[in-house]
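Thanks for making time for this.

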Amino acid sequence: MLLDIIILLIGFIVIIKASDVLVDAASSLALKLRVPKMLIALTIVSFGTCAPEVAISFRSVANGDGVMAFANVIGSSIVNVFLIIGIASFIRPIKVRHATVKKELPLLFLVTTAFSILMLDRLFNPLTSNTFSRRDSLILILLFCMFLLYLIGMLFKRQNKDLDLEEQGKYSPLMSCFLLLVTILLIIYSSDLIINSAKEIAKALNISEKIITMTAIVIGTSLPEMIMTVISAKKGEFDMAIGNIIGTNIFNICIVLGLPILIYGNIVLEGFGLIDILAVFLSSFLLFIFARSERKVSKKEAVIMLLVFVIYYIYLLFS
């Protein structure tokens, strides 16, 4: 157990330092290429930090354990907004650009709403069970294609009016790309170390499997996003902070969940109720409402997010 604690601490140190460098490298690349930082956050950073969720989802659906895949994606979507954005905004209120309120957040809300509706088979037909089919996953992948078209449009527009041409990047484009690759790999590897060590420590302390899943797996796989977002907010890189979460949640729902179901087939949603679906829906709805109000997520709104997270997890523990 002592060795697991040491590995856990090393994992946290590596992931924090790697995330710090990742923020600077991503920011430098955006500045050197004269593209919006939001574009880098929505693509390279968010897709890269999704790697732990991708591995878990494909492994679980391939083994016929669709429940774990859904728990991972639903839990990550809730944790990413209520816990991660909540913590980051409490430390430093996150300013949100006009384009994000008008475009990126509505896209996240559309994807999350569609996902929530697709999970409600029994509500529309009480005689059927809640099942996620290949047809459902195809809808999610089509929504992701729409998201990709938006990203391509953002790349070609380059949105120079939003760029600070006086700001200089810390690294050259080549060094930025190298550091992005290395830091993402380090984040993925260190998050695996943290998850595995946390599982062993929990088992040694006789903590239930349910609590292990809720903490070590769901929160553990969200560590890359958490550290990345908090560090971005502290550095004032608000596009990186919120863009990372928007891109991650869209990628998680559409690809991390949609693609393995499209490949391996339908799964029955056992153990998921209206409260879980409502929590997923609220994650994108409240983020959109809070960001739209004053073009920032304030400390007061951060407290509301954290309270929703605590209430939901208390419900899970005692349900």
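Let me begin with a question: among contacts in the protein between residues at least 6 apart in sequence, what percentage join residues at least 24 apart? The figure is 85%, and please keep in mind as we go on that this is a predicted model. As for confidence, the protein has a mean pLDDT of 81, with 89% of its residues at 70 or more. There is a stretch to treat with care, residues 159-163, where pLDDT stays under 50 and where the model has eight contacts beyond four places in sequence.

Turning to the overall make-up, the secondary structure comes to 13 helices and four strands, and 54% of the 319 residues of the protein count as buried.

Now to the helix pair. Helix H4, which covers residues 66-91, and helix H12, which covers residues 274-294, have axes that come within 9 Å and cross at roughly 40 degrees. The crossing in which H4 passes H12 is left-handed.

Which residues make the contact? On H4 they are Ile74, Ser77, Ile78, Val81, Phe82 and Ile85, while H12 brings Asp276, Ala279, Val280, Leu282, Ser283, Leu286 and Leu287.

Definitions and conventions
Residues are numbered from 1 along each chain as its sequence is written. This is a predicted model: local features need pLDDT of at least 70, side-chain atom pairs count only at pLDDT 80 or more; totals for chains, interfaces and linings use all residues. Side-chain values use heavy atoms; hydrogens and water are left out. pLDDT is the predictor's confidence in each residue, from 0 to 100. Contact means heavy atoms within 4.5 Å. Axes are lines fitted to C-alpha atoms, for helices over the stretch in contact, and angles run from 0 to 180 degrees between N-to-C directions. Helices (H or I, at least four residues) and strands (E, at least two) are DSSP runs, numbered from the N terminus. A crossing is left-handed if the near helix is turned anticlockwise from the far one by less than a right angle, and right-handed if clockwise. Buried means under 20% relative accessible area, exposed over 50%, partly exposed in between (1.4 Å probe, protein chains only).
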